[in-house]
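Have a look at it first, and then we'll go through some of its helices and residues.

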Amino acid sequence: IYEEGLIPDDVASVQTSTVREIARNLLISIREDDLLRAAEAGTRNAEAYDLFLRSLTLAPEDALPLALEAVGRAPDFLLAHWWLARIYGEIHQYGERTEATAAATMSHARRAIEIDPNSPDAIMAMAWASYRTRDWEGAQRWLNQVRGAPRTEHQYLVLSAYLSRRRNDWDEAHDALLGAIELDPNSSSLRSQHAQTLLAMR
């Protein structure tokens, strides 16, 4: 147990190893590169960090209370707000589509931007939140800001493909999905999206 609930600087390597272990052994919906951000842009509050890690292994509805508790303990935990924006966005798009879920999606993405306006993760949170809440133009504007940014190439390509399909630009969507699959070849979801795109191009 860390003294006074703070994570000392010399355990960063332990944090990274923990995140890698989660990425290897659990079936979750995000890539190892995304998980490793937890070690690089985490919090010194050990309890918040533990809650965040545990939430990453769960389905959105089950992850939600843990992630909310994490930001309750560490309000400036950028990656926890990034994760909450993703959780609420998934719930809004695929489950309970209400004004409340839309507002929560945008609220946590905006909080990530407030914490660090230049963070590629925060900007991607805004891009995905805009997409999930059907603000296609806003999503594209935010996405344009992270083109070529470190660690965001995979998510950039995926969202770029989805937005291209919205514009009926199927060739661009196809190329973006192929790029995303090259970075994440084991993703059955991406391969399914690619197959759907090929069918639409016939």
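Let's start with a helix pair: the axes of helix H5 (residues 78–94) and helix H6 (residues 99–115) come within 8 Å and cross at roughly 160°. That angle makes H5 roughly antiparallel to H6, a label for angles over 145 degrees, while under 35 is roughly parallel, 65 to 115 roughly perpendicular and the rest oblique. Axes here are lines fitted to C-alpha atoms, for helices over the stretch in contact, with angles running from 0 to 180 degrees between N-to-C directions. Helices themselves are DSSP runs (H or I, at least four residues), as strands are (E, at least two), numbered from the N terminus.

A word on the source: this is a predicted model, where local features need pLDDT of at least 70 and side-chain atom pairs count only at pLDDT 80 or more, while totals for chains, interfaces and linings use all residues. Residues are numbered from 1 along each chain as its sequence is written, and side-chain values use heavy atoms, with hydrogens and water left out.

**Back to H5 and H6**

H5 passes H6 in a left-handed crossing, meaning that the near helix is turned anticlockwise from the far one by less than a right angle (clockwise would be right-handed). On the H5 side, the residues that meet H6 are Leu78, His81, Leu84, Ala85, Tyr88, Gly89, Ile91 and His92. Their partners in H6 are Thr101, Ala102, Ala104, Thr105, His108, Ala109, Arg111, Ala112 and Ile115. Contact means heavy atoms within 4.5 Å. By class, the residues where H5 meets H6 split into 10 nonpolar, 6 polar and 1 charged. For that count, Ala, Val, Leu, Ile, Met, Phe, Trp, Tyr, Cys and Pro are nonpolar, Asp, Glu, Lys and Arg are charged, and the others, Gly among them, are polar.

**A second pair, H9 and H10**

Further along, the axes of helix H9 (residues 153–166) and helix H10 (residues 170–183) come within 8 Å and cross at roughly 155°. H9 and H10 are therefore roughly antiparallel to each other, and their crossing is left-handed. H9 brings Glu153, His154, Leu157, Val158, Ser160, Ala161, Ser164 and Arg165 to the contact, and H10 brings Trp170, Glu172, Ala173, Ala176, Leu177, Gly179, Ala180 and Leu183. Sorted by class, the contact of H9 with H10 has 9 nonpolar, 4 polar and 3 charged residues.

**The whole chain**

How many helices and strands does the protein chain have? The secondary structure comes to 11 helices and 0 strands. Buried residues make up 48% of the 202 residues in the protein chain; buried means under 20% relative accessible area, exposed means over 50%, and partly exposed is in between (1.4 Å probe, protein chains only). Of the contacts in the chain with a separation of 6 or more, 55% are between residues 24 or more positions apart.

**Aromatic rings**

The structure holds 6 aromatic pairs. Rings of Phe, Tyr and Trp (its six-membered ring) pair if their centres lie within 6.5 Å. Ring pairs link Trp128, Tyr131, Trp136 and Tyr162 into a cluster.

**A few residues up close**

Here is how some individual residues compare in accessibility.

| Residue | Relative accessible area | Class |
|---|---|---|
| Ser55 | 0% | buried |
| Ala80 | 0% | buried |
| Ala102 | 18% | buried |
| Arg134 | 47% | partly exposed |
| Asn168 | 55% | exposed |

Ser55 lies in helix H3 (residues 46–55). Not counting residues up to four places away in sequence, Ser55 touches Ala63, Leu66, Ala67 and Trp83.

Ala80 is found in H5, and beyond its neighbours up to four places away in sequence it touches Phe52 and Val71. C-alpha to C-alpha, Ala80 and Ala112 are 8.6 Å apart in space, and they are 32 residues apart in sequence.

Ala102 sits in H6. Leaving aside its neighbours within four places in sequence, Ala102 is in contact with His92 and Thr133. Ala102 and Arg134 are 32 residues apart in sequence, with 9.5 Å between them in space, C-alpha to C-alpha.

Where is Arg134? Its place is in the loop between helix H7 (120–132) and helix H8 (136–144). Phi of Arg134 is near 70°, a positive value in a residue other than glycine. Asn168 lies in the loop between H9 and H10, and its phi is near 60°, a positive value in a residue other than glycine.

Conventions. Phe/Tyr/Trp six-rings, centres within 6.5 Å; stacked < 30°, edge-to-face > 60°.
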